[in-house]
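Have a look at the sequence and the 3D structure below before reading on. After that, we can walk through some of the details together.

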Amino acid sequence: MHDLATAPAVSPHPNPSAAAIWPPLRPFIAGERRLGRFMARRRWTSALYEFLRFGVKQAWACLFGGIAVFLMVATWLFYPASAPLARYDFLFLCMIAVQAALLAGRLETLEEAKVILIYHVVGTAMEIFKTSVGSWIYPEPNFFRIGGVPLFSGFMYSCIGSYLCRAWRLFDFEFTGHPRRVAMAVLSIAIYVNFFSHHYMIDLRWLLFAWAAWLLLRTRVYFRVWHDHRSMPLLLGLVLVSLFIWFSENIGTFTKIWLYPSQRHGWSMVSINKLGSWFLLLIISYTLVSLINPPRKRATGIREKFNGMPGFQHLRP
């Protein structure tokens with residue numbers, strides 16, 4: 001018989017589930033809580049359950065992006081080339097429908113949708129410029145486009161903004177050492193300008209990397225997977241998200257959604273150097289999301305001391 005004294009403590013008043021903010025998930029909260037109490041009886045099942053919760057929360061945060069990737073692959077495999085509606089236009093209409101469904105189902109707030117729309121416009125403007133200078137191309141014809149850019153392309157930037165908004169709420173982010181938002185805004189503007197200006201003058205991205213590191217080096221993000229907050233350096237978190245965006249970009253080019261010059265005569269993996277570009281773009285997205293989600297400061301000092309004591313593990317600010 002296992003020793004209950006060694007099992008992780010379960011608060012008699014558990015933290016409110018982050019799922020409660022989305023009405024379609026509320027019916028599942030009570031059942032999940034019963035499962036959580038069962039899994040908390042042993043340390044190894046508790047650790048396994050927290051790991052599974054982390055994966056499920058990440059998947060739920062990626063809902064919009066996951067649908068976009070699914071549509072890229074599905075249309076590449078099955079969409080008929082002779083269809084009267086171009087593949088890019090079909091994707092555009094699908095993503096509009098998905099965005100509307102998220103709002104109608106209250107899986108996304110109007111404030112979040114506004115910020116995502118801003119990032120959509122910012123990304124589309126950059127796409128128009130980048131395709132005009134030959135950085136990449138959209139090889140298929142379609143109707144809903146501006147210049148060489150299909151309008152659905154902006155939704156790829158929306159996926160990033162949607163992920164950050166959803167993860168921020170699902171994981172109940174708190175921070176220590178977070179820079180002022182005005183400093184992040186200035187950095188984001190400089191990053192955006194450099195995406196255009198480096199075609200005509202020296203590329204300042206290494207200076208921008210150093211600037212981002214200087215601002216965020218001491219910043220830690222605290223995220224709640226289950227009962228307790230875990231933490232990691234914010235810089236590391238942004239790099240990991242950038243890596244997953246880079247993986248998705250490889251799927252996008254493999255399915256011929258867009259192509260880089262090196263891929264016109266046959267697919268090859270996207271250069272790892274693009275990871276840096278996605279990191280800088282993620283900084284812009286993160287800054288925009290922080291405008292509607294002011295970074296909440298993590299309580300320190302005596303509260304953290306109590307949090308480490310038995311019976312106080314779930315004390316929250």
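Predicted model: local features only at pLDDT ≥ 70, side-chain atom pairs only at ≥ 80, totals over all residues.

Residues are numbered from 1 along each chain as its sequence is written, and side-chain values use heavy atoms, with hydrogens and water left out.

Let's begin with the sheet. Helices (H or I, at least four residues) and strands (E, at least two) are DSSP runs, numbered from the N terminus, and two strands pair if DSSP finds at least two bridges between them. With that in mind, look for an open sheet of 3 strands, in the order β3-β4-β5, with antiparallel pairing. The edges belong to β3 (174–176) and β5 (229–233), and each has a single partner strand, so one side of each is left without a neighbour in the sheet. On average, neighbouring strands here are turned by 25 degrees against each other, direction ignored; for such angles, axes are lines fitted to C-alpha atoms (for helices over the stretch in contact), and angles run from 0 to 180 degrees between N-to-C directions.

What holds strands together in general? Strands of a sheet pair through backbone hydrogen bonds, either parallel or antiparallel. In this sheet, β3 and β4 pair in the antiparallel sense over 3 bridges, and phenylalanine 175 stands opposite valine 221 in β4. Strand β4 (residues 220–224) also pairs with β5, in the antiparallel sense, over 5 bridges. Along that pairing, arginine 220 faces proline 233 in β5, and tyrosine 222 stands opposite serine 231 in β5. A hairpin of 4 residues takes the chain from β4 to β5. How many of the 5 residues of β4 are buried? The count is 4, so β4 is largely enclosed by the rest of the structure. Here buried means under 20% relative accessible area, exposed means over 50%, and partly exposed is in between (1.4 Å probe, protein chains only).

Now for the rings. A pair of aromatic rings is described by the distance of the centres and the angle of the planes. Rings of Phe, Tyr and Trp (its six-membered ring) pair if their centres lie within 6.5 Å; planes under 30 degrees apart count as stacked, over 60 as edge-to-face and the rest as tilted. By this rule there are 29 aromatic pairs. One of them joins tyrosine 138 and phenylalanine 152, an edge-to-face pair at 6.4 Å centre to centre with 85 degrees between the planes. Tyrosine 138 lies in the loop between α5 (110–132) and β1 (145–146), and phenylalanine 152 in the loop between β2 (149–150) and α6 (154–170), so the pair ties together parts that are 14 residues apart in sequence. Both tyrosine 138 and phenylalanine 152 are buried.

A charge sits over a ring if NZ of Lys or CZ of Arg is within 6 Å of the ring centre and within 35 degrees of the ring normal. Lysine 57 has its charged end over the ring of phenylalanine 171, 5.4 Å from its centre, while arginine 166 lies over the face of tryptophan 60, at 5.0 Å from the ring centre.

What about disulfides, meaning pairs of cysteine sulfur atoms within 2.5 Å? A search of the whole structure finds 0. Take cysteine 159: the closest cysteine sulfur, in cysteine 62, is 9.5 Å from its own sulfur, too far for a bond. Cysteine 159 is buried, with a relative accessible area of 13%.

Finally, two loop residues. Serine 153 lies in the loop between β2 and α6 and is buried at 0% relative accessibility. Aspartate 172, in the loop between α6 and β3, has a positive phi, near 55 degrees, in a residue other than glycine.

How values were computed:
Disulfide = S-S within 2.5 Å.
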